[in-house]
Amino acid sequence: MKNEVKIPQATTKRLPLYYRFLQNFANEGQERVSSKQLSEAMKIDSATIRRDFSYFGALGKKGYGYDVKHLLAFFSETLDQAEPTKVALIGVGNLGSALLKYNFQKNHNTHIVVAFDTKAPVEGKLVSDIPVFPPELLEEKYVAFGAEMAILTVPPHAAQITADRLASIDAKGILNFTPERIHVPDKMQLLNIDLSVELQALIYLIRNQQ
């Protein structure tokens, strides 16, 4: 990766998608792929794909395309697929329960290892085979289970307080599913996913399609 080049967040969000679709091509026995083929499979224009790839140097050859195995190895290393990522889920309501049940089944290197919920007993309980503890044990259990990042599905009023607690134990990142705009230290990564906003955007696209 070109360390001196700042990768746009939009590009960063597409990297796991590239990796997934390249896995599909590899499973089909395809040895090389063009940006046009990726574009047709992913429904992303080929110019965007070429621009995304350009941030990482010469990944392909003009007139040849991209070597599937080489790209898989590159994105595996870039996304740290060789190293398992342990995740803590904070908030086990309807959405949190669904995430526990799913637990990144298509990504075998990412797993929710511990969860926290106000209704959990002090001794903990199992939900979808994941131990769930009350919030007062957050700092202790987050460290004990070796979590690196957290998913927030708590009520909005608890989002910033929880983020502050995670920052105090040097959590590396937060995936925020609450509508609350939380603030974290510069060293901590933050991604916001507001389902209501995404739904409103989809409705607009449906109603204004040509």
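1. Thr162 touches Ile90, Leu138, Leu152 and Val154, leaving aside residues up to four places away in sequence. Contact here means heavy atoms within 4.5 Å. Thr162 sits in helix 7. Thr162 is buried, with a relative accessible area of 9%. (Buried is under 20% relative accessible area, exposed over 50%, partly exposed in between, with a 1.4 Å probe and protein chains only.)

2. A note on the basis. This is a predicted model, in which local features need pLDDT of at least 70 and side-chain atom pairs count only at pLDDT 80 or more, while totals for chains, interfaces and linings use all residues. Residues are numbered from 1 along each chain as its sequence is written, and side-chain values use heavy atoms, without hydrogens and water.

3. Helix 2 (residues 35-42) has the buried residues Ser35, Leu38, Ser39 and Met42. They cover an arc of only 105° around the axis, so they lie on the same side of helix 2. The arc is taken from the directions from the helix axis to the C-beta atoms. An α-helix has 3.6 residues a turn, so residues three or four places apart point the same way. The cover over these buried residues includes helix 1, strand 1 (32-33), helix 3 (46-54) and strand 2 (66-67). Helices (H or I, at least four residues) and strands (E, at least two) are DSSP runs, numbered from the N terminus. Just after helix 2, Lys43 takes a positive phi of about 65°.

4. The whole structure holds 8 aromatic pairs. Tyr18 and Phe75 have ring centres 6.1 Å apart and planes at 35°, so this pair is tilted. (Rings of Phe, Tyr and Trp, the last by its six-membered ring, pair if their centres lie within 6.5 Å; planes under 30 degrees apart are stacked, over 60 edge-to-face, the rest tilted.) The pair links distant parts of the chain: Tyr18 is in helix 1 and Phe75 in helix 4 (residues 68-78), 57 residues apart. Tyr18 is buried at 0% relative accessible area. Phe75 is also buried, at 0%.

5. Phe75 has an edge-to-face pair with Phe56, at 6.4 Å centre to centre and 75° between the planes. Phe56 lies in the loop between helix 3 and strand 2, 19 residues from Phe75. Phe56 is buried, at 7% relative accessibility. One aromatic cluster is formed by Tyr18, Phe53, Phe56, Tyr66, Phe74 and Phe75.

6. Is Gln9 buried or partly exposed? Gln9 is partly exposed, with a relative accessible area of 46%. Gln9 belongs to helix 1 (residues 9-27). Gln9 touches Leu190 and Leu191, again leaving aside residues up to four places away in sequence.
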